[in-house]
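Subject: Handover of a structure, with findings

Dear colleague,

Please find below the structure that I am passing on to you.

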Amino acid sequence: MKSNPGVHLWVVQRVTAMLLGIAVVVHLVTIVTAVRGGLSAREILERTQGNEAWLLFYVVFALAAGLHGAIGLRNIAAETIGLRGRGADLAWLAAGLLTAGFGIRAAIGLYA
Amino acid sequence: MAEPASLKVSVWRGGEDGAFQRYEVPARTNQTVLDVVTHIQRELDPSLAYRFACRVGMCGSCAMTVNGRARWTCRTHVKRVVDADGALELRPLANLPVIRDLAADLSPFFDKWQRARGTFLPKQSPDGAVPEDFAVVPPASKARREADAGIECIGCAVCYASCDVVAWNADYLGPAAMNRAWTLVNDVRDGARGERLDAVAGDAGCHSCHSTQSCTERCPKNLDPSSAIAGLKRVLFWDTLLGRR
Amino acid sequence: MMDLRPRSHPTYLAFVVHRASGLLLALFLPLHFWVLGSAITGEARLEGFLRWTDNPLAKAAETILVVLLAAHLAGGLRVMALEFLGWRRRQKDMVAISAGVALLVGLVFLLNVA
C-alpha cells in the first residue's frame, strides 16, 4: 500500500477521540463538582498532589487533546485555505505535540 | 398551498459565467419541474440545452438545481417546490463543469466511479471468463443486506452536487462512487477488495467525509451514501489497526 | 456568499456546530495549558489566578467553553456511533439529543458556579 497520510492521521484522530470521549466526561464532572462553592487552589492541589492516577490521567488527556486538535485544524486548513502536503502535516503534528507538552507541564505542576 | 396561475421561472443560460433568464410558464396540475423545462424549450426558446431520457426516475439524467437544491426534475412536482408566488429557479448541478444552460458535464463524476474501482471483478475468474458454477449468496446475510442497501443508485449525481467536501477538495471521490465501492466490498463474489479499499482510503476518499449527510438527505432514491462511507471507514480502521493492509 | 438552501438540514447544522466548537477549542487548548502550567508554580500563585477568574467576564467565558466542550463531545459521540457502530437510523433524533446534552451541561455548570 502506498503512503497515505490521510488514513493514519484519521486513525490517530479517532483513537484519541475514543480516549477523549471518556476523559472529557471525567473532566466535565470534575469541573462541575469543583466549582460548587467556588474554586480554590487548596482544593485542587489536595486532589492532585502526589496522586499518580490523576497525573497519568492528565498526561494521557493532554496528549490526546493536543493531537486531536491539531489534526482537526489540519483538516480545516486544508479545506478552507487549501493548505495541504507533507510539510503542512508535519507542522501540524509538531503543533499538536507542543500543545500536549504545555499540558504535560501543567499536569506535572499539579502533581509536584 | 395556493396554486399560482403561472410560474415565474429563472433559468440559467450560458456556461460558468452565464446569467439567469426569466420565462413565464403556465401552471398546470401534476406538473413536474421537467415538464416546465420542456415547455420552455418547445414553446418559448428552442435553444435551451438540458438533459433527460426516461422521465420516470430510472435513468438519472435530468437532475438540476431547483430553488437551490439538487433534485431529479422528472419526479419533482412543481407544487412541492414552489410557493404561492410561483417562483422557480433552475441551475445546472453544482460541483460540476457547466456545458451550457442546464446541462452539467458529468465526466468528473463518472471518472471518480472508475477511480474508486466501481467495477465488479469476479473472484472465481479474474481473467473475465464466465465462472463454472453459480455463486451462492444468501439474501439475508449481513454483507448482502449491506450491499442491497446501496445497489439501487441511478447515477444522477444529486449527492455529488450536494456534497461540500467535493467543493472543498477537487480530488474527493464523492458519495456515489464510494457508495458503489461499499456495495462491492460487501459482495462476496468480488475479488478486488484490497485494491478497492486502497482506492477509497485517505484525503481524497472516505476519510475526508464529515458526515454532514447532505448526500443521504438529498438522494432521490432514499439511499444512504453517508452510512456507506462510514462503513468504508470502519473496515479500513480495523484493517489498518490490525495490520491487515 | 454561501447558499444556505442546500444546507438547511439537522445533520448539516450538527456538522457546523462540531466544526466551530472544535476550531475554538483547538485554539483555546494551547492557551489553557500554557496559562495553567504557568499558574501552578505554587499554591499562592494558583490561588491568585483563580481569584482573577472570579470576575463575571471570565465566568461567562468559562460557561461558553463548557458548552462548546459538551457540544463537541456529544456531537463526536454521534459521529463515532455512525462510523464504528453503523447507527444509521434516527440521526436527527441523535442530533437533538446531542444539543440537549450540551445545553444541560452548561446549565448544570451555571447552577453550581452561582
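The domain bounds used here come from an automatic or database domain assignment. On that basis, chain B is divided into domain 1, residues 6-104, and domain 2, residues 107-241. Please note that this is a predicted model.

Domains of chain B

The C-alpha centres of domain 1 and domain 2 of chain B lie 30 Å apart. Each domain takes part in the contact between them, with 15 residues from domain 1 of chain B and 15 residues from domain 2 of chain B. On the side of domain 1 that touches domain 2, the elements giving two or more residues are E3 and E4 of chain B. E4(B) provides the largest share of that side, 4 residues. By class, this side of domain 1 has 8 nonpolar, 4 polar and 3 charged residues.

The sheet of chain B

E3(B) and E4(B) also belong to an open sheet of 5 strands, in the order E2-E1-E5-E3-E4 (chain B), with mixed pairing. Strand E2 (19-26) and E4 of chain B stand at the edges with a single partner strand each, so one side of each is left without a neighbour in the sheet. On average, and with direction ignored, neighbouring strands of this sheet are turned by 35° against each other. Helix H1 (residues 33-44) of chain B lies across strand E1 (6-13), E2, E3 and E5 of chain B, and runs at about 95° to E2(B).

On one side, E3(B) pairs with strand E4 (residues 69-72) of chain B in the antiparallel sense, over 4 bridges. Within this pairing, Arg71(B) in E4(B) is the bridge partner of Met64(B). The two strands form a hairpin with 2 residues between them, and Asn67(B) in the turn has a positive phi of about 45°.

E3(B) is also joined by 2 bridges to strand E5 (residues 87-91) of chain B, again in an antiparallel arrangement. Here Thr65(B) stands opposite Arg91(B), and Val66(B) stands opposite Leu90(B).

Helix packing in chain C

In chain C, helix H1 (residues 10-39) and helix H4 (residues 91-113) pack at an angle of about 40°, with their axes 9 Å apart. The crossing of H1(C) and H4(C) is left-handed. H1(C) contributes Pro10(C), Thr11(C) and Ala14(C) to the contact, and H4(C) contributes Gln91(C), Lys92(C), Val95(C) and Ser98(C). These residues divide into 3 nonpolar, 3 polar and 1 charged.

Contacts between chains

The contact between chains C and B takes 15 residues from chain C and 17 residues from chain B. On the side of chain C that touches chain B, H1 and helix H3 (56-84) of chain C each give two or more residues, and H3(C) gives the largest share, 4 residues. That side divides into 6 nonpolar, 4 polar and 5 charged residues.

Between chains A and C, 27 residues of chain A are in contact with 29 residues of chain C. Helix H1 (5-34), helix H2 (41-48), helix H3 (52-81) and helix H4 (86-111) of chain A each supply at least two residues of the side of chain A that touches chain C. The residues of this side divide into 16 nonpolar, 8 polar and 3 charged.

Yours sincerely

Technical notes. Residues are numbered from 1 along each chain as its sequence is written. Chains are lettered from A and ligands numbered from 1 in the order in which they are written. This is a predicted model: local features need pLDDT of at least 70, side-chain atom pairs count only at pLDDT 80 or more; totals for chains, interfaces and linings use all residues. Two strands pair if DSSP finds at least two bridges between them. Axes are lines fitted to C-alpha atoms, for helices over the stretch in contact, and angles run from 0 to 180 degrees between N-to-C directions. A crossing is left-handed if the near helix is turned anticlockwise from the far one by less than a right angle, and right-handed if clockwise. Two residues are in contact if their C-beta atoms, placed from the backbone, lie within 7 Å. Ala, Val, Leu, Ile, Met, Phe, Trp, Tyr, Cys and Pro count as nonpolar, Asp, Glu, Lys and Arg as charged, and the others, Gly among them, as polar.
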